[in-house]
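Here is a short briefing on a protein structure. The points are grouped by topic and can be followed alongside the display.

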Amino acid sequence: MRFSVSQGSLTEASCDALIVNLFQDVKHPGGGTGAVDRALGGAITQLIADEGFEGKLGQTAALQTYGRIPATKVILVGLGKAEEFTTDGVRRASAAAAKRAADANAKKVSTILHGAGIGGLDPGECTLALVEGAALGLYKFLKYKTVDRKETSVEEVEIVEMDASKLEAIRAGAAKGEITSDATIFARDLVNDPSNSATPTMLAETARKIAEENGLECSVLDREQIAESGMNLLLAVAQGSAQPPKFIVLRYSSPGASRTVAIVGKGITFDSGGLSLKPADGMENMKDDMSGSAAVLAAMRAITKIAPPVNVLGIAPATENMPGGGAVKPGDVIRSLNGKTVEINNTDAEGRLVLADALAYAVKEGADEIIDVATLTGACVVALGRGMSGIMSNNDELADRLIAIGEKEGDPLWRLPLFKDYKEMLISEVADLKNAPGREAGAIAGGMFLHEFVEDKPWAHIDIAGPSFLDKATLTAPKGGTAAGTRILVRYLMEMP
Ligand code: BES
Ligand code: MN
Ligand code: ZN
């Protein structure tokens with residue numbers, strides 16, 4: 001899908017579908033929508049009055065233009081209440097309108113820039129959200145569909161703006177939105193790809209290709225090299241699986257930079273639970289347990305376009321979690337890369353094990369700041385649901401920046417505490433730590449376990465277990481992998497001071 005920006009009037013845009021908008025309960029549209037309404041002889045005003053179009057966020061209606069303007073059809077999308085409107089409203093409205101355009105088989109779509117007329121909303125930020133909404137709302141995973149392959153008809157989305165003073169910001173926003181959308185789509189494709197295809201080896205090959213295409217350094221440690229380097233927790237998780245594990249590292253060097261940011265993603269390509277086996281119901285969704293590493297790979301794939309003023313280390317510890325004959329057993333004690341010993345009292349708490357070694361690796365490699373993204377705990381899904389991810393951090397400034405970005409990106413984060421009093425839950429009878437305390441404060445316990453491996457580095461842990469995979473479509477994502485966390489990483493690196 002291509003995006004373009006043109007200066008001009010909506011009533012002169014030639015396209016298959018022209019998207020205009022309406023705030024809730026507005027009876028007489030103004031602005032660009034008003035101009036289109038007048039050109040159509042009041043057809044939009046009539047639709048509002050006669051058909052009861054209320055303008056609820058994401059509500060759509062389609063009108064024929066009968067040659068009164070160059071556009072073949074007009075699609076009206078509701079923006080919801082004006083006083084509640086945010087740039088995420090732009091994203092959702094754009095997604096709803098794009099879908100309606102695709103339903104009408106439109107190839108070329110021209111659109112008004114939603115929200116640009118609202119005080120306080122930045123036109124660049126609105127454009128970025130509009131681009132994301134259209135690109136992500138139309139996303140489908142068709143790799144394995146041989147029949148009923150309904151590809152989206154939309155080939156081009158043209159943003160039409162009259163006000164010349166806004167064009168520069170709009171163009172910059174569109175360019176950023178294409179980067180964040182491409183990254184999200186790339187990550188969704190990886191998450192939706194099942195575990196027989198998206199193996200640790202496949203993730204490693206994907207990383208190598210990303211490195212080649214973008215001039216990054218890539219190193220991939222195999223089972224032996226993982227053992228030699230002392231990442232025994234990763235090794236322990238991998239030992240029940242026939243698929244060989246891979247420890248994947250991508251490096252971006254920024255000219256003249258001295259600081260290094262590490263982004264670390266959980267890369268469990270299938271989580272059966274291991275010997276602490278999960279119930280069969282819904283286990284198929286555990287192909288999504290590499291969503292964190294998909295976000296990291298996607299961000300590294302975009303990194304030369306982002307060109308942040310820091311070095312970036314992308315790390316993905318990748319393995320299956322399987323109950324094979326050689327599998328790690330509950331009660332086994334393993335020494336981690338940073339020397340702490342861990343009793344694996346539950347093999348289904350494998351994410352924190354592979355991440356512990358990866359975080360310790362990032363510290364060893366000289367990372368000045370670390371962000372990890374992981375489908376870590378079912379407890380986080382219970383606490384926060386599917387609509388937001390949990391964030392835990394030892395650094396308020398880092399946490400606040402990530403939370404602000406999550407809000408802008410429609411990928412919200414809610415902070416949970418690293419509560420010192422709970423540290424004792426993590427203490428094992430036989431080792432320094434155990435990986436799975438009881439059922440209480442499960443998301444926090446996961447974060448606090450990881451905290452043991454970051455020394456004093458500014459660090460944030462994002463638990464995307466809820467939003468990473470949906471069994472019900474939203475406006476901006478179909479059922480399945482959403483690539484939660486991806487846009488947060490990309491935007492974080494884009495906005496790096
Ligand atoms: N990958 C799961 C967490 C998960 C659950 C992600 C549901 C998405 C949806 C993780 O490895 C896991 O199994 N965690 C355990 C930890 C427990 C044993 C301490 C959990 O949450 O039950
Ligand atoms: Mn698990
Ligand atoms: Zn897992």
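The zinc ion (ligand 3) has Lys266 (NZ), Asp271 (OD), Asp289 (OD) and Glu350 (OE) as its protein donors, at distances of 2.0 to 2.4 Å. The model is predicted. This briefing takes the zinc ion, then the manganese ion, then a helix.

**The zinc ion (ligand 3)**

- The arrangement around the zinc ion (ligand 3) is octahedral, because its six donor atoms subtend angles of 79 to 174°. For six donors, that label requires opposite donors to be over 155 degrees apart and all others to lie between 65 and 115.
- Along the chain, the donors of the zinc ion (ligand 3) are spaced K-x4-D-x17-D-x60-E.
- Lys266 counts as buried, because its relative accessibility is 2%; the cut-off for buried is under 20%.

**The manganese ion (ligand 2)**

- Asp271 (OD), Asp348 (O), Asp348 (OD) and Glu350 (OE) coordinate the manganese ion (ligand 2) at 2.1 to 2.2 Å.
- The six donor atoms around the manganese ion (ligand 2) subtend angles of 72 to 171°, so the arrangement is irregular.
- The donor residues of the manganese ion (ligand 2) have the sequence spacing D-x76-D-x1-E.
- Asp348 has 22% relative accessibility and therefore counts as partly exposed.

**Where the two sites meet**

- Asp271 bridges the zinc ion (ligand 3) and the manganese ion (ligand 2), and the two ions are 3.1 Å apart.
- Asp271 is buried, with a relative accessible area of 3%.

**Helix 13 (residues 396–408)**

- Helix 13 has 13 residues, which should span 18 Å at 1.5 Å a residue; its end C-alpha atoms are 18 Å apart, so the two values agree.
- The buried residues in helix 13 are Leu398, Ala399, Leu402, Ile405 and Gly406. They lie on the same side of helix 13, because they cover an arc of only 130° around the axis.
- Asp396, Glu397 and Glu407 are exposed on the other side of helix 13.
- The elements covering the buried residues of helix 13 include strand 14 (369–374), strand 15 (389–393) and helix 15 (486–494).
- At the N-terminal end, Asn395 caps helix 13, with a side-chain oxygen 3.2 Å from the backbone nitrogen of Glu397.

Terms used. Residues are numbered from 1 along each chain as its sequence is written. Chains are lettered from A and ligands numbered from 1 in the order in which they are written. This is a predicted model: local features need pLDDT of at least 70, side-chain atom pairs count only at pLDDT 80 or more; totals for chains, interfaces and linings use all residues. Side-chain values use heavy atoms; hydrogens and water are left out. Donors are N, O and S atoms within 2.8 Å of the metal (3.2 Å for Na, K and Ca); water is not among the atoms, so sites may look incomplete. Four donors count as tetrahedral if all angles lie between 85 and 135 degrees; four count as square planar and six as octahedral if opposite donors are over 155 degrees apart and all others between 65 and 115; anything else is irregular. Buried means under 20% relative accessible area, exposed over 50%, partly exposed in between (1.4 Å probe, protein chains only). Helices (H or I, at least four residues) and strands (E, at least two) are DSSP runs, numbered from the N terminus. The expected span of a helix is 1.5 Å times one less than its number of residues. The arc is that of the directions from the helix axis to the C-beta atoms. Contact means heavy atoms within 4.5 Å. A polar contact is a pair of N or O atoms within 3.5 Å; within protein, one must be able to donate a hydrogen and the other to accept it, and residues adjacent in sequence count only if both atoms are side-chain atoms.
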